[in-house]
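The sequence and model come first.

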Amino acid sequence: MKLFIDETQISLINYSLSDGLKDGAIIPIKFHLCDGAVKYKDKASNIVEFDKLSQAPKQQSSAALYCSLHTDLAKELMITGLAHFNEHRQSCPSAKLLIICPDQPNAKYWGEYLKSIKIDLPVAISEQSVHAKESISRFKNHDDCWGIITVGMAYEGLDVPEISHIICLTKIRSAPWLEQAFGRAIRPNLREDPKGQVAHVFMPRDPEAERVIEAIISEQDIWAKTSEDETSAGGRGADFMSSEEIDPLFSSLDDIGIVEFDVDSLLTESASHETENKAADIPLTPNQRMWCLRKDINNLCKELAKLTGVSIEEYNRELKRRFGKSRSDMTIVELTDLLDFLGAEFDELISLPF
């Protein structure tokens with residue numbers, strides 16, 4: 001959907017993924033899905049292993065994903081993604097990299113690990129909020145800061161069109177949240193040749209990740225879709241595995257599968273469905289920006305309400321009390337501050353043991 005606002009009304013005009021690709025408003029995503037063997041000890045001290053992470057059955061996919069994120073598969077995925085990014089950067093020097101981690105200790109681990117191989121990237125997490133905001137500002141505005149490591153603090157509303165690669169090590173499998181994360185890389189980089197630009201996402205190939213990616217590729221309305229797993233796990237899918245529930249023993253990266261948009265088919269489909277209502281790609285007005293901010297805030301509030309076990313109505317009342325006004329009365333600056341606050345809250349919550 002694309003939004004147009006005037007002084008008296010809001011009208012929504014159908015604007016599909018294929019429309020966005022044709023207009024050059026977004027670029028296609030190529031998913032590099034990393035699969036391999038996993039082995040862990042469950043809470044009953046039984047050894048559980050699968051030849052492929054992607055083959056883990058539904059009831060064990062959460063544990064298998066947790067194992068992969070805390071053993072060698074994640075390390076090999078990181079190295080593979082970095083190598084691909086470095087090669088890409090030879091032809092696109094302004095390109096940037098976003099690394100999303102499952103929790104704050106894990107983010108700090110990756111920061112130290114990368115330092116050990118002579119790659120010094122800032123870590124932006126909520127427990128270091130002042131330093132994190134400085135790091136995000138540097139990542140946005142300075143070419144010498146080509147990458148950043150975070151949990152949830154940076155990628156809610158992060159607007160850096162130069163992001164070409166995401167190394168996605170998050171445990172979250174909520175469709176809206178992953179779509180928002182992937183959206184950090186689909187803006188065209190106007191500082192480089194627009195021809196042939198593609199966003200690259202490296203992540204584990206677990207069954208829930210495949211479900212979300214399939215929905216994106218097929219243009220389903222995944223913002224409205226809630227799987228049985230998401231409902232039972234508070235909306236986050238396969239990410240409620242506690243470090244106390246299993247003992248990760250081993251994982252390896254044995255295969256990388258590529259899933260990507262069939263751009264030619266999408267563009268053909270778009271051309272065959274042209275209508276007089278189709279919009280030109282114009283910069284957002286202040287009112288449009290406010291609408292987009294409120295939409296992001298609303299989606300994040302729904303996730304946080306589920307995590308804290310309260311109704312969305314109760315959560316919204318508490319936010320209004322805390323900030324002294326409703327979102328409909330807030331300015332762009334106030335809405336941006338609210339989104340930053342909610343991002344930090346989410347970052348803090350998903351770092352807690354469950």
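The model is predicted, so local features need pLDDT of at least 70 and side-chain atom pairs count only at pLDDT 80 or more, while totals for chains, interfaces and linings use all residues. Residues are numbered from 1 along each chain as its sequence is written, and side-chain values use heavy atoms, with hydrogens and water left out.

Rings of Phe, Tyr and Trp (its six-membered ring) pair if their centres lie within 6.5 Å; planes under 30 degrees apart are stacked, over 60 edge-to-face, and the rest tilted. The count comes to seven aromatic pairs. Two of them are tabulated.

| Pair | Centre distance | Plane angle | Class |
|---|---|---|---|
| Phenylalanine 31 and phenylalanine 182 | 5.1 Å | 70° | edge-to-face |
| Tryptophan 177 and phenylalanine 346 | 4.3 Å | 25° | stacked |

Because phenylalanine 31 lies in strand E3 (residues 29-35) and phenylalanine 182 in helix H6 (residues 175-182), their pair ties together parts 151 residues apart in sequence. Tryptophan 177 lies in helix H6 and phenylalanine 346 in helix H12 (residues 332-350), so this pair ties together parts 169 residues apart in sequence. Helices (H or I, at least four residues) and strands (E, at least two) are DSSP runs, numbered from the N terminus.

Buried means under 20% relative accessible area, with a 1.4 Å probe and protein chains only; exposed means over 50%, and partly exposed lies in between. Phenylalanine 31 is buried at 0%, phenylalanine 182 at 1%, tryptophan 177 at 2% and phenylalanine 346 at 0%.

Ring pairs also join Tyr109, Trp110 and Tyr113 into a cluster.

The charged end of lysine 96 sits over the ring of phenylalanine 139, 5.1 Å from the ring centre; the rule requires NZ of Lys or CZ of Arg within 6 Å of the centre and within 35 degrees of the ring normal.
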